[in-house]
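Take a moment with the sequence and the model below.

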Amino acid sequence: MPYQAALTIVAPVRPGVAEDLKSLLATMGDGVANASVIDFGALTGVHFARLMVIDEDTDQSGARLPANLVLLSDFDVSAAAHLAELVESAGEGIDRVFAHCEGYPGGEPTSRERLDYLERHVVKESARYVNTTGRTARQIRQEAELREAIEAFLDEDGRDWSESDPSEVRRAVRELVERDAALAWARQPAERPGIGARLREKVHLVAVPLLSLPLLPLALLAAPVYALILRRHERADESEHEKPDEERVRELAALEDHVVQNPFTAVGRVKPSLFRRVTLLVILFYLDYAARHIFNRGNLSGVKTIHFARWVFIDDRRRMFFASNYDGSLESYMDDFIDKVAWGLNLVFSNGVGYPRTRWLVFGGARDELAFKNFLRLHQVPTRVWYSAYPELTALNIRQNERIRAGLHGDSDGDAERAWVQAL
């Protein structure tokens, strides 16, 4: 089993048909996918998936940036296996959606033609975040079922377990799992990624610092010059002071809060200078490393509500979008970021056109709360077609359910057993 993988497909929409494509997507969901054209739930190991249209725009020089159809998914199989299954199980749906895109084969495409087209439009993410590496969608759903079974057992006959010794409760639950054939899978610890996948992660963990180390003296020498150039750019930056249109805000809000999770996508133009683009590339490279090896156990520098996220360049790096799957409302999500990791937001998004002004790359910016929230709403992309494999589970729920299963195995002392019972 590999670690979780991701697919990002970006295909330019043919001129004049973007509204028709949006109308089709509107029949496929109202913020949650209805499986009417493409059934993401039928695909193996999918956690989240979405389809959306990024509108046409122009860059700083006035050159056209086309409208793009974007397909995103997070899953537990290889990207090649996921793409092949998508084409085989949803071929006609793929035709209906991607027929609006430039270069899509006409008539009745073969599976090979569909696959070739999608593969040509795969875009590599510049950085990705996974809440907990190695935890599969199947594991998440099974552990939710385990919790429900345990709660039903403990509620049987109206018995009050509140005064029972934690070891007695744990013993009774373990006996339940032993005799219930439907819970046989819970008798073993959760599956881990295969040795090959783990080895690749270890190599990457060590290789990046080793390769970066020789560059450190040069970076230190260049730092004063970089800082001067940075401040010159920051003083020249123009910040958007627009308030999002109320109708637009209502449209976005209507697509949110259907379940306990929400999708978020924001797109913006990258500041056109080479200095800014190189800065952003370097930041995203090390952000990806940190997300992969440091912030990989349910905590993105203090933010614990994100399941998956990615940062992706499009249009020859003239635009970039950020997409995430998170718990709770957008307002609480933005507040969480502002309060806990405003400096991290500034590091990345201050390289985008219109972002609230920063100082020294990390100060200011998102700390201007109203300007930051207006910026996000102005750049947010409506997402009608969004699939979640476990729409009623927050990241905290999933973590607690994982602890319950893990607590069934091995020996535990009194404190550990009490903590385990409290997790129930």
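## A lysine in a loop

Lys271 sits in the loop between S7 and helix H10 (274–293); helices (H or I, at least four residues) and strands (E, at least two) are DSSP runs, numbered from the N terminus. This is a predicted model, where local features need pLDDT of at least 70 and side-chain atom pairs count only at pLDDT 80 or more, while totals for chains, interfaces and linings use all residues. Residues are numbered from 1 along each chain as its sequence is written, and side-chain values use heavy atoms, leaving out hydrogens and water.

Is Lys271 buried or exposed? Lys271 is buried, at a relative accessible area of 9%; buried means under 20% relative accessible area, exposed over 50%, and partly exposed in between (1.4 Å probe, protein chains only). Its side chain makes a polar contact with the side chain of Asp237 at 2.8 Å. That term stands for a pair of N or O atoms within 3.5 Å; within protein, one must be able to donate a hydrogen and the other to accept it, and residues adjacent in sequence count only if both atoms are side-chain atoms. Leaving aside residues up to four places away in sequence, Lys271 touches Asp237, Arg276, Arg277, Ser350, Asn351, Gly352 and Val353 (contact means heavy atoms within 4.5 Å).

## An enclosed strand

| Strand joined to S9 | Bridges | Direction |
|---|---|---|
| S7 (residues 261–269) | 9 bridges | antiparallel |
| S8 (residues 306–314) | 8 bridges | antiparallel |

Ala266 stands opposite Phe322 in S9, and Phe313 has Met320 in S9 as its bridge partner. S8 and S9 form a hairpin with 4 residues between them, and Asp315 in the turn has a positive phi of about 55°.

## The sheet and its helices

There's also an open sheet of 4 strands, in the order S1-S5-S2-S12, with antiparallel pairing. Its edge strands, S1 (5–12) and S12 (385–388), each pair on one side only. From one strand to the next, the twist averages 10°. S1 and strand S5 (residues 68–75) share 8 bridges, and Leu7 stands opposite Ser73 in S5.

Helix H2 (residues 79–89) lies across S1, S2 and S5, at about 120° to S5. Axes are lines fitted to C-alpha atoms, for helices over the stretch in contact, and angles run from 0 to 180 degrees between N-to-C directions.

## The cores

In soluble globular proteins, nonpolar side chains tend to be buried together. A nonpolar core is a set of buried Ala, Val, Leu, Ile, Met, Phe, Trp, Tyr and Cys residues joined through side-chain atoms within 4.5 Å. The largest one here has 50 residues, of which Leu51, Val97 and Phe98 touch the most other members. Strand S2 (residues 46–54) gives the most to this core, with 5 residues. A second, separate core of 37 residues includes Ala127, Leu300, Trp311 and Phe375.

## Stepping back

The protein chain holds 14 helices and 12 strands. Buried residues make up 51% of its 424 residues.

Technical notes. Two strands pair if DSSP finds at least two bridges between them.
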